[in-house]
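Please keep the sequence and the model open while reading.

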Amino acid sequence: ACPRSQRPSPMQAVAGGGVAPQRVYTTTTAAPIMQAGQRAATVAYSSGAMQPDTARSGSTAAQAPQNGASSGTLQRQQMERLSDQVEGCQEAESIRRAGVAQQVGSSLRGSVPLGEEPVSAKTSAAEEKPWPGEELLASEGFTPRAMLAMTTHIRECCGGMDQQNGGAPVISPTVLMMLLTTVEEYLLKKGAKAMYEFHPPPGERIVVVGDLHGQLQDLLWIFYRYGLPSEAGGNLFLFNGDIADRGKFAIEIFMLTLGWMMVFPGAVFVNRGNHEDILVNTSRCGGFYDEIVAKYPQHGRMIFEQFGKVFAALPLAYLFGPAGARILVVHGGLPRVPTQTIPSLRHMPARGPSVPMRTSTVSEIVLKDLLWSDPQEQNGQEISTRGGSLMSFGPDITLKFCQSELIGLVVRSHEVPPSGDGFAFHHHNRLCTVFSASNYKGIEHNSGAVLIITSAELATGNLAGSVRPEVYYAPHLAQASKYAPEPPKELLEGEIDAEFLPQNDDARQKREIARRSTAAKAEAATHLSIKADDPNGEQIKDEVLRIVAELVVAHKEELWQALWEKDLGMRCTPPARSGFVKFSVWKEVCMAVLGQSVSWDAVGQLLGVQEAMPPHRGAVDYNRFLHRFHVCLREEGCVRATWIESVLQQLVDKLVGLSVQDLLDFFDKDKNGRLTIPELAAAVKNLDGGLSSAQVRALFLTFATHCDQTVETDIEVEPFLSALVEAAREAHEQGGKHSRTRSAWPKWATRYLRHLGREIWERGEHGLLDQFKAYDTDGNGLLDPLEFVRIMGNLQAHCKSPNIVMLPESQLKELAKLADLDGGGCVSYMEILLSLQPADTALGGHVRFDLFEQICATVWCHHEALLRAFHALDEEKTMLADGAMLTKALESLNNTLGGENETLKPLLPFQIEALVANIQKDENGFVNYNSFLDAFHVVDCA
């Protein structure tokens, strides 16, 4: 996209005409005709003229200030663009996870898609009584008078709530379920078509509304500016999807849009967007599921699944207008099979509550692409910058499609236009993006827009004269809720307030002109105040950091492997890994692994990844970068961290009793003193050590990161075993199988071993194994008490620390009994390591932490799949799980990820058992499975 000063005027290519984009800071209803390259001007008020904004640049690179713009403004613009880019990567990640979730759900429920099972009578909300403000709707049904009362009720109740965080429910589960079942029945009765075609009669105005994403203030403001829907008044609304997710008021928006659709089916139309999808709703780029269960803890599951049934029946497209000037409205864009789009839409079979991510039929391809595809500037089709299996399409695709189908304009939504104006025209003005969520997510400062289509002009084939984008900026919810919208023309004069009388056409038009003037002043003031609140984009920075952190932890192993292989130290003589890579290499790896559409220059600057001081000035410490973000357990969560002790205990239990020769036979079969990942995996497997292949890799990478700087792709055996022992030491001190731990030893023994061990580790413990072998006089790989006394005497004799007191033989013999952890009468090499390991050895802590994170990340990364499993298993829709359900859900995920290859399963059965055992449940043995999933979160350790 071009900077705003260079953008072509919209729609001028259609019939040689031009359509004027209208910023809604004007006081007239007609849009001024503009010359090519011009942009709409703002209107001066008594407080002074509001200056035009500088557009968000479509380029991700830093630019020099233009037209006197400050560097702070440019930084703000870069952050806005960066926010859009990383959000696209996050959505692509959710698509990848959705494929796993669909497999998990299928394995537990056969072929019945989630959301299509019958609603349990035990959790029916029909027994709930309507709440105050809903009585009219409950008694009359969906009448104009009842919906006007409901609209007022929502405005008044939500006006006092926090715009960003939401509040208590204002719609009873009874009324909400009544709406959803009524809408489902209505759509099914109409055939649940994928596309509806109609010819609007002259005299009607169609307001096309783009993404709202739970931002109630934008819908209320649109209704204030244009009035409520009305068939008699010719005031039509087409909502182009993405009502759900991100904002906290999607339920209320659905109540208003779908409710008015039931009142006036000929005046309100709702398309499905990519966020009208129950898997996306449960993902981290969603939020609608969380909104529902937060507002309706008792009936949330039932309500969510009923929404899924409505989503499945919503159309994907509307097509209207005369041949040659027809307008197609879809959420995302054109499919990769454009010639089959219209035929597929006309004959598409029934759809499910979630969109199939792994497509096998033309209908599935069309369904997915209509919701997810994006335009691109170059001709042809390419993999979308969002990543995954998504596509983007060029101007040639759009032009050929429009010509073959006699379509004049394709209208889509799906993304914030780079201009920040709420709308953009592409592909020689045959494609228009309209986005209606102003100040998106409360941080982006973009305008919202709607597309106004007048049926009279459209009927004549004058497409350019019939289409007009209008731009606005909704005030805060508290202010927007105070403005009452124009009631439908169908209401009798006795049913509406006096301020909306008389109801003749002239009076209604005058009131709309007055509203435009009032709205413009409120919008201008709001826009300026919001810009002043966060001029440098600190809120956007926080949002970008959050998403980048989630992307990094989801791909940490891939990132580490790619960066490790390109370590700067490999170019030195002799080569040795330094832990640093060039900044250009860091960008290339992030682009390849995390997403191509992101300006990693800007992300690197935001994270401060480049070293400022020699000898690595300008390079990136990739270990520090990767270890900045971690998946951890919430302190207040329902999962206790002690379960990791069981995992480590399983391995150490196998090692403690082994002789030194058996130990080396397991880990160093070729006797070269080094260990590769395959060797480590084989050793753990042969030992039945209780680590999955993924956890073996985590151990290896941790050691290579923190300790080993060699050229080879292997690590040293002795220090690795030492680190493993230290990681397990805390497991012993938590009261594991070996209860005779250092915490129970005499103080003199603890103090002696701590100081002796510290000196050995400061000198390097590499010689300890050789001494162990030398004092193992009978060669059995174990030290009997006499052999132990001799080696300890030698170690203390060579110790230079003044803190070491030479122990007599009697105390050394007592020490031999303490070090014999398994009570076998001898001390193994692992037991002597456990005894001598200093309490503050950093490497062991890293091993323990990274292994812990690997298991936590398995749960966190597959949040959607586990939730899908819980929903499939929770037939009573209680949102509660016992130990058996928790185990089955985790096993289902494990089996899906591993398939028939056992080595690909990230968790082992006993680890699942340990995790489930450490989930805090109520007195009946149940836990809310949403709380379980929420116990895992990503933290930024910077």
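Which residue is the bridge partner of L319 in β9? The partner is L328. The model is predicted, so local features need pLDDT of at least 70 and side-chain atom pairs count only at pLDDT 80 or more, while totals for chains, interfaces and linings use all residues. Residues are numbered from 1 along each chain as its sequence is written, and side-chain values use heavy atoms, with hydrogens and water left out.

Strand β9 covers residues 326-330. Strands (E, at least two residues) and helices (H or I, at least four) are DSSP runs, numbered from the N terminus. On one side, β9 pairs with β8 (residues 317-320) in the antiparallel sense over 4 bridges; two strands pair if DSSP finds at least two bridges between them. These two strands form a hairpin with 5 residues between them, and G321 in the turn has a positive phi of about 105°. Strand β9 is also joined by 4 bridges to β13 (residues 407-412), and these two run parallel. Here L328 stands opposite V410.

In a regular strand the side chains alternate between the two faces of the sheet. In β9, R326, L328 and V330 point one way, and I327 and V329 the other way. Of the 5 residues of β9, 5 are buried, where buried means under 20% relative accessible area, exposed over 50% and partly exposed in between (1.4 Å probe, protein chains only).

Next come the cavities. A cavity is a set of points, on a 1 Å grid over the protein atoms alone, where a 1.4 Å probe fits but cannot get out; lining residues have an atom within 4 Å of a point. Among the 13 residues that line the largest cavity, E93, R284, E550, W860 and E864 are the closest to its centre. Helices α1 (71-109), α17 (538-554) and α32 (842-861) each give two or more residues to this lining. By class, the lining of the largest cavity has 6 nonpolar, 2 polar and 5 charged residues.

The last stop is R515, in helix α16 (residues 505-533). Why does R515 count as buried? Its relative accessibility is 7%. A polar atom of the R515 side chain lies 2.7 Å from the backbone oxygen of Y224. Leaving aside residues up to four places away in sequence, R515 touches Y224, R225, Y226, G227 and E486, with contact meaning heavy atoms within 4.5 Å.

Key: On a 1 Å grid over the protein atoms alone, a cavity is a set of points where a 1.4 Å probe fits but cannot get out, and a pocket is an open set with protein on both sides within 12 Å along at least five of seven lines; lining residues have an atom within 4 Å of a point. Ala, Val, Leu, Ile, Met, Phe, Trp, Tyr, Cys and Pro count as nonpolar, Asp, Glu, Lys and Arg as charged, and the others, Gly among them, as polar. A polar contact is a pair of N or O atoms within 3.5 Å; within protein, one must be able to donate a hydrogen and the other to accept it, and residues adjacent in sequence count only if both atoms are side-chain atoms.
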